[in-house]
Amino acid sequence: MIPPRFQPFFTPAGLALILLGPGLLIRSLAGRNAYEIILGAAILGCCLVLGLSGAWGARRLAALEPGWKPPLPLTANAAAEMAVTGLDWPVPWFFRIHFVVKGRFFPSGSRPGCWVYAETSASRGAATALLGLVFPLAGVFQGEGRCRLRDLFGFFSFPCGTAQRRTLTVQSAPCLKKTFRIDAHAGAEDQRMKSASDMERYYMREYAPGDRFRDINWKSSERIDALITRISPDNQEKVCRIEVYFRNFGPGSRPPKTSGSGASSGPSWGDLWLLDRAKARLAQFLRALKEEQASYVFQVRSAQEVWELRGADELEAFLETLAGLPFCPSGNEDAFSLALDSSAGPLYVFSTACDAGLPAFLLARQPKPVFLFFIQPPSGGEARVVERLSLSNFPAQGFFPLPQWPRFRSSRALRPPQLPNSGITIDYAKVGL
């Protein structure tokens with residue numbers, strides 16, 4: 001439970017009404033104006049009735065604990081609304097229960113985040129309300145949801161119930177589907193990851209009808225009281241391994257304090273949008289291949305960590321982590337790229353125009369095959385499909401960006417080189433008003 005803190009029980013309009021009533025009454029008594037005396041007394045009486053009724057109702061709702069259920073998985077730009085349940089409590093006349101969400105949203109894990117405010121209300125006697133909180137792109141939301149008892153006139157607003165903290169991971173909105181060619185390399189499943197003590201167990205399995213009698217390992221069978229059959233190493237099930245490198249190199253995730261020039265090396269909204277589209281393309285790539293062949297094993301490397309993805313559950317857990325990955329400074333690249341030198345198979349690289357070290361990496365990778373999925377801003381007047389992020393929609397959706405993020409930068413001139421044994425798929429993304 002979040003510790004209580006002082007919150008005003010009146011709105012700006014209510015404060016104006018509270019100040020207007022006594023002032024008007026004092027002025028009317030001094031001037032002996034009967035009409036103003038009646039008006040001032042009516043205003044004070046209205047404030048007194050609404051204030052006492054609201055305070056009494058909020059006290060009765062002290063144990064209210066609403067259920068706040070975001071859709072899973074939570075996706076950016078999704079039309080699905082969050083359901084708020086448990087609101088069917090008795091309230092005074094002319095009052096309604098509102099559910100307010102406040103917090104910060106960190107797009108792609110970049111800090112400091114932007115402010116978020118969203119609100120919904122339940123009809124009288126209704127148990128559920130729908131909260132329209134649409135996130136613009138992938139990231140992490142940390143905030144608080146709490147009920148307030150408000151009158152229909154908008155004068156008083158009393159906090160009630162228990163406040164709830166939530167940390168929500170928002171995945172990228174789906175990108176445009178594209179077909180791609182996969183050249184996965186095969187190897188004996190788990191062989192290079194098994195220790196010598198596990199090899200005997202690895203080449204055996206339980207006896208099944210139809211197995212040859214001479215393949216039964218009687219010593220092992222006697223030890224565990226079950227029939228165990230030997231398996232030839234040549235008959236092992238093969239598994240296809242796909243190596244992926246998500247290059248989230250670019251501006252630092254935390255904008256540094258600026259000098260008098262006002263310049264900042266932190267990511268802008270344009271940079272964050274490019275990174276978001278790279279995440280969406282990577283998610284579409286992994287999910288499409290997993291649906292095509294469930295036996296694929298992905299080794300995914302980013303600028304911060306390495307993942308081994310075998311099952312669907314591991315893939316979904318990775319996509320949750322991927323949503324909050326921020327930019328990593330380019331100076332950290334060498335320590336993570338050296339581990340890829342021993343890989344002889346094809347490498348699938350996902351990167352953006354913010355990745356200044358990408359051309360050097362591709363040249364150093366030659367002649368090994370590389371397939372690049374590249375996100376960049378559009379340039380020139382030729383027709384192409386561009387995914388756009390509109391900043392004018394943010395205030396309407398309850399998001400208030402920090403001043404340094406909406407700044408516009410000139411289109412980056414980074415162009416990946418065309419190399420043998422390589423392929424490039426380019427997507428275009430742009431931020432506008």
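## Helix H5

Of the 24 residues of helix H5, 19 are buried, so H5 is largely enclosed by the rest of the structure. Buried here means under 20% relative accessible area, exposed means over 50%, and partly exposed lies in between (1.4 Å probe, protein chains only). Helices (H or I, at least four residues) and strands (E, at least two) are DSSP runs, numbered from the N terminus.

Helix H5 covers residues 269-292. Its end C-alpha atoms are 34 Å apart, which agrees with the 34 Å that 24 residues should span at 1.5 Å a residue. The expected span is 1.5 Å times one less than the number of residues in the helix.

## Basis of the model

This is a predicted model, in which local features need pLDDT of at least 70 and side-chain atom pairs count only at pLDDT 80 or more, while totals for chains, interfaces and linings use all residues. Residues are numbered from 1 along each chain as its sequence is written, and side-chain values use heavy atoms, with hydrogens and water left out.

## The chain as a whole

The chain contains 8 helices and 20 strands. Buried residues account for 44% of its 433 residues. Accessible areas come from the Shrake-Rupley method with a 1.4 Å probe; for residues, only the protein chains shown count as cover.

Among contacts between residues at least 6 apart in sequence, 73% join residues at least 24 apart. Contact means heavy atoms within 4.5 Å.

## Salt bridges

The structure holds 9 salt bridges. Each is a side-chain nitrogen of Lys or Arg within 4 Å of a carboxyl oxygen of Asp or Glu. In one of them, the side chains of glutamate 308 and arginine 241 meet at 2.5 Å, N to O. Glutamate 308 lies in strand E14 (residues 306-309) and arginine 241 in strand E11 (residues 238-246), so this pair ties together parts that are 67 residues apart in sequence. Glutamate 308 is partly exposed at 24% relative accessibility, whereas arginine 241 is buried at 9%.

Another salt bridge joins the side chains of glutamate 316 and arginine 287, at 3.1 Å, N to O. This pair links distant parts of the chain, with glutamate 316 in helix H6 (residues 312-323) and arginine 287 in helix H5, 29 residues apart. Glutamate 316 is partly exposed at 32% relative accessibility, and arginine 287 is partly exposed at 28%. Elsewhere, salt bridges that share partners join Asp276, Arg277 and Glu387 into one network. Aspartate 276 is buried at 0% relative accessibility, and arginine 277 is buried at 3%.

## Cysteines

The structure holds 0 disulfides. Cysteine 46 is in no disulfide, and the nearest cysteine sulfur, that of cysteine 47, is 5.7 Å away. A disulfide requires a pair of cysteine sulfur atoms within 2.5 Å. Cysteine 46 is partly exposed, at 32% relative accessibility.

Cysteine 175 is buried, at 10% relative accessibility. Its place is in the loop between strand E7 (157-170) and strand E8 (185-188). Leaving aside neighbours within four places in sequence, cysteine 175 is in contact with Arg277, Ala280, Arg281, Gln284 and Glu387. Cysteine 175 and aspartate 276 are 101 residues apart in sequence and 9.9 Å apart in space, C-alpha to C-alpha.

## Threonine 352

Threonine 352 is in strand E16 (residues 347-352) and is buried, at 1% relative accessibility. Apart from its neighbours within four places in sequence, threonine 352 is in contact with Leu274, Leu275, Ala278, Phe327, Phe374, Ile375 and Leu414.

## A nonpolar surface patch

Trp93, Phe94, Leu152 and Phe153 form a nonpolar patch on the surface, and together they have about 520 Å² of accessible area. Patches are made of residues with over 30% relative accessible area and no salt bridge; like charges are joined within 9 Å, and nonpolar side chains (Val, Leu, Ile, Met, Phe, Trp, Tyr) within 5 Å. Phenylalanine 94 is found in the loop between strand E2 (82-85) and strand E3 (95-107). Phenylalanine 94 is partly exposed, with a relative accessible area of 46%.
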